[in-house]
Amino acid sequence: MPPVFVVSFLAEALLAAVEARLGARSKENYLLFQLRGGAANIERRILRVRFVADLLWEFGFAPVLRNDAVSARLEGMDTDEGEHLLAVAGYMTIHTRQLDMIMQDSTQVAARREEMLAHCRALFT
């Protein structure tokens, strides 16, 4: 049985976690991304999870939002696609930590969205 990978990051009340199972049987493969909390006010945290959910949707994840939390799952991918998606989820884990600080500046949000999408697309190909 292939290993299940779990990576969690907790800082300043922010939890970012990625869980994945990638093996030869694509029906059993899955990837789960979770993000919740943070040190900013609730309005900025909610804006951040909406931003992250929108980015994850671009890569086929099915994000579920609840207050200042997003959980996004993807199932049934082959190993190669799963590895690329795991890289995207890892990127999101690293680069979403301080996003809540810019969420009320639409110019910065638009620029960051394009930058992050470009980086994630490069990881996906």
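In the predicted model, helix H1 (residues 42-57) packs against helix H3 with an angle of about 35° between the two, and their axes lie 11 Å apart. The crossing by which H1 passes H3 is right-handed.

When residues up to four places away in sequence are not counted, Arg 113 touches Phe 51, Asp 54, Leu 55 and Glu 58.

Helix H1 itself has 16 residues, which at 1.5 Å a residue should span 22 Å, and because its end C-alpha atoms are 22 Å apart, the model agrees with that expectation. At the start of H1, a side-chain oxygen of Asn 41 comes to within 3.2 Å of the backbone nitrogen of Glu 43. The buried residues of the helix are Arg 45, Arg 48, Val 49, Phe 51, Val 52, Ala 53, Leu 55 and Leu 56, and the elements that cover them include strand E2 (14-21), strand E3 (30-37), strand E4 (62-66), E5, H2 and H3.

Helix H2, with 17 residues, reaches 24 Å from its first C-alpha to its last, close to the 24 Å expected at 1.5 Å a residue. At its start, a side-chain oxygen of Asp 78 reaches to within 3.2 Å of the backbone nitrogen of Asp 80. In this helix the residues Gly 82, Leu 85, Val 88, Ala 89, Tyr 91, Met 92 and Thr 93 are buried.

The loop between helix H2 (79-95) and helix H3 (106-124) contains Asp 100, which counts as buried because its relative accessibility is 3%, under the 20% limit. The side chain of Asp 100 makes a polar contact of 3.0 Å with the side chain of Arg 48, a residue that is itself among those buried in H1. With residues up to four places away in sequence left out, Asp 100 touches Ala 39, Ala 40, Arg 44, Arg 45 and Arg 48.

The side chain of Arg 73 is joined to that of Glu 75 by a polar contact of 2.6 Å. Leaving aside neighbours within four places in sequence, Arg 73 is in contact with Tyr 30, Leu 31, Leu 32, Phe 61 and Ala 62, while Gly 60, which is 13 residues from Arg 73 in sequence, lies 8.9 Å from Arg 73 in space, C-alpha to C-alpha.

Key. Residues numbered from 1 in each chain as written. Predicted model: local features only at pLDDT ≥ 70, side-chain atom pairs only at ≥ 80, totals over all residues. Heavy atoms only, no water. Helix = DSSP H or I, 4+ residues; strand = E, 2+ residues; numbered from the N terminus. Buried < 20%, exposed > 50% of the residue type's maximum accessible area, 1.4 Å probe, protein only. Polar contact = N/O pair within 3.5 Å; in protein donor to acceptor, adjacent residues only side chain to side chain. Contact = heavy atoms within 4.5 Å. Axes fitted to C-alpha atoms, helices over the stretch in contact; angles between N-to-C directions. Left-handed = near helix turned anticlockwise from the far one by under 90°. Expected span 1.5 Å × (residues − 1).
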